[in-house]
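Have the sequence at hand and the structure open as you read.

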Amino acid sequence: MVTEQRTVYNTIINAIANKRGGLYFLDAPGETGKTFLISLLLASIRSKNQFVLAIASSGIAATLLDGSRTAHSALKLPLNRHVTETPTCNISRNSGMGKILKNCKLIIWDECTRSHEKALEALDRTLQDLRENSVPFGDALILLSGDFRQTLPVIPRSTPADELNAYLKSSVLWKKVKILSLKTNTRVQLQRDTSAEIFAQQLLDIENGTMVIDRSNQLIVLPPNFCTITSTKEKLITKVFPNIVLIYKNHKWLSEHTILAAKNNDVNTINYNILQEIPGVSTSYKSIDTVMNQDEIVNYPTEFLNSLDLPGMPPHDLTLKVGVPIILLGNINPPQLCNGTRLSVKKLMKNIIETTILNGKSKGTDVLLPRIPMIPTDMPFEFKRLQFPVLLAFAMTTNTAQGQPLQVCGLELEIPCFSHGQLYVACSRVDDHHFYVSQKAEKTKNYNTIPDKKFKNYLIYTTQKSEKKFFSKKKFNNLKMKHKFLTLLTTHKSFKTSRTTSR
């Protein structure tokens, strides 16, 4: 362990030994050994026959930790927490999870920066109730971990103001957090590679929003030694998946190669193009779509339901071949089968798909996937789709890839990144020797909300004319001033990016 890792480890272990509760946040950028440190904490505490609960905001992050589950699955977080004033977890005192939360020595929440602030507040209220203690989190020891430079909570049909209000630093609980940091890039330290050190510094420039910006169009230019630029989408596919026809059944190779894109449409196009190159017979699975309210059948005919292609839902017509990679859309059997788990198709049957897990602690395990009913929550009406809960996974969105370790990565940016941290997440999956970017991404947008260090006491927003405007942090704490700022940020047409300081 490096010195920073040992400091964090000793802090948490000493808190457990002294029976001290508290709320800690582990600030860990990419390649600083966060997963290794958390795994070490889990193994150390469990070796003493003590309870420790590991959860993660994403399925991919959950598969990397022993005994981990997604936060939604483990804590029974309410789906409507963003509109509920005081949400709580749906956990009773006599349930299995209730007893674990009451008696565990440590709760680790990985990738917490992707969670809504009200999810953390729901856990706080639940722990106070289960432990019958009015101290924040019932005096339990909580270790949050993540990186605010990466993607923040996804709020459907939201404004920048909604994103600012949703992230964890907006919570009233944040002032009780004690910050622990990892800064040493372990990849650079182990390899002693000069180019890896340069690449790590370039990543930090993207991460902190300090890349040189073209003031005429607010775009950044990716350095020539940062990645390999390809001229077409077809060449990008060839670079990331060379000789795929011959080696696509190699599970280790398949799990380490992925193309990332900002939007689902681009991901679907790339997946379809690669699927056509794979030899073998295609099998098509049609979903059964029905309206939940029988009185609305006339308003929403089956043909209309079949045409709906929604985020987080499998398509009506799912086409697969033996050997192709797929990604799971839901928590079927956590921690083995979580939302985001990548698998390889082994056998296609009429009502069952036999697959092999490609990533996480259960990689190499064969599992059977059935059709399951899925009900979207963000529709003006309720309907049910009976389908296999999977999508092709030659390519995936940058948000989905957060926490996914890769060896070779391609980045398709015909449509540039549109949200905080997306570009940094995509670039930090691999090193510079195996990172390929489409030609149109030579200049691209980089959204982030990381402040300049010299403006620690100010909130900053930038107009199209690159004029920086400032609100003092003291004034911003006034609710009236905050409302004014967020209203401007939401409605003013000249706003291009926003920057805020930690609160």
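Which residues of strand 13 (residues 317–320) are on its covered face, and which are on its uncovered one? The covered face has L318 and L320, while D317 and T319 make up the uncovered one. In a regular strand the side chains alternate between the two faces of the sheet. Strand 13 has a partner in strand 11 (residues 283–286): the two pair in the antiparallel sense over four bridges.

**Ground rules**

This is a predicted model, so local features need pLDDT of at least 70 and side-chain atom pairs count only at pLDDT 80 or more, while totals for chains, interfaces and linings use all residues. Residues are numbered from 1 along each chain as its sequence is written, and side-chain values use heavy atoms, with hydrogens and water left out.

A few terms come up again and again. Helices (H or I, at least four residues) and strands (E, at least two) are DSSP runs, numbered from the N terminus. Two strands pair if DSSP finds at least two bridges between them. Buried means under 20% relative accessible area, exposed over 50%, and partly exposed in between (1.4 Å probe, protein chains only). Contact means heavy atoms within 4.5 Å.

**The whole protein**

The protein has 18 helices and 27 strands. Of its 503 residues, 51% are buried. Among contacts with a separation of 6 or more, 71% are between residues 24 or more positions apart.

Next, look at the open sheet of five strands, with the order 17-16-15-14-20 and antiparallel pairing. Its edge strands are strand 17 (366–370) and strand 20 (390–392), each of which pairs on one side only. On average, neighbouring strands here are turned by 45° against each other, direction ignored; axes are lines fitted to C-alpha atoms, for helices over the stretch in contact, and angles run from 0 to 180 degrees between N-to-C directions.

Strand 15 (residues 342–348) pairs with strand 14 (residues 325–328) in the antiparallel sense over three bridges, and there I327 stands opposite R342. Strand 15 is also joined to strand 16 (residues 352–357) by five bridges, again antiparallel, with L343 opposite I357. Strands 15 and 16 form a hairpin with three residues between them. Strand 15 is mostly covered, too: five of its seven residues are buried.

In helix 10 (residues 233–240), the buried residues are K233, L236, I237 and V240. Seen down the helix axis, they fall within an arc of 100° (taken from the directions from the axis to the C-beta atoms), so they line one face of helix 10. An α-helix has 3.6 residues a turn, so residues three or four places apart point the same way. On the other side of helix 10, E234 and T238 are exposed.

What do the buried residues of helix 10 pack against? Their partners include strand 9 (228–230), helix 12 (251–255), helix 13 (264–277) and strand 22 (408–412).

**Helices 1 and 2**

Back at helix 1 (residues 3–17) and helix 2 (residues 34–46), the axes come within 11 Å and cross at roughly 30°. That makes the two helices roughly parallel (angles under 35 degrees). Q5, V8, Y9, I12, I13 and I16 in helix 1 meet F36, L37, L40, L41, S44 and I45 in helix 2.

L41 sits in helix 2, and L23 is found in strand 1 (residues 22–27). Here are their values.

| Residue | Relative accessible area | C-alpha to C-alpha distance | Separation in sequence |
|---|---|---|---|
| L23 | 5% | 6.2 Å to L143 | 120 residues |
| L41 | 0% | 6.9 Å to Y9 | 32 residues |

Leaving out residues up to four places away in sequence, L41 touches Y9, I12, I13 and L143. With that limit again, L23 touches F137, I142, L144, L173, K176, V177 and K178.

Technical notes
Angles under 35 degrees count as roughly parallel, over 145 as roughly antiparallel, 65 to 115 as roughly perpendicular and the rest as oblique.
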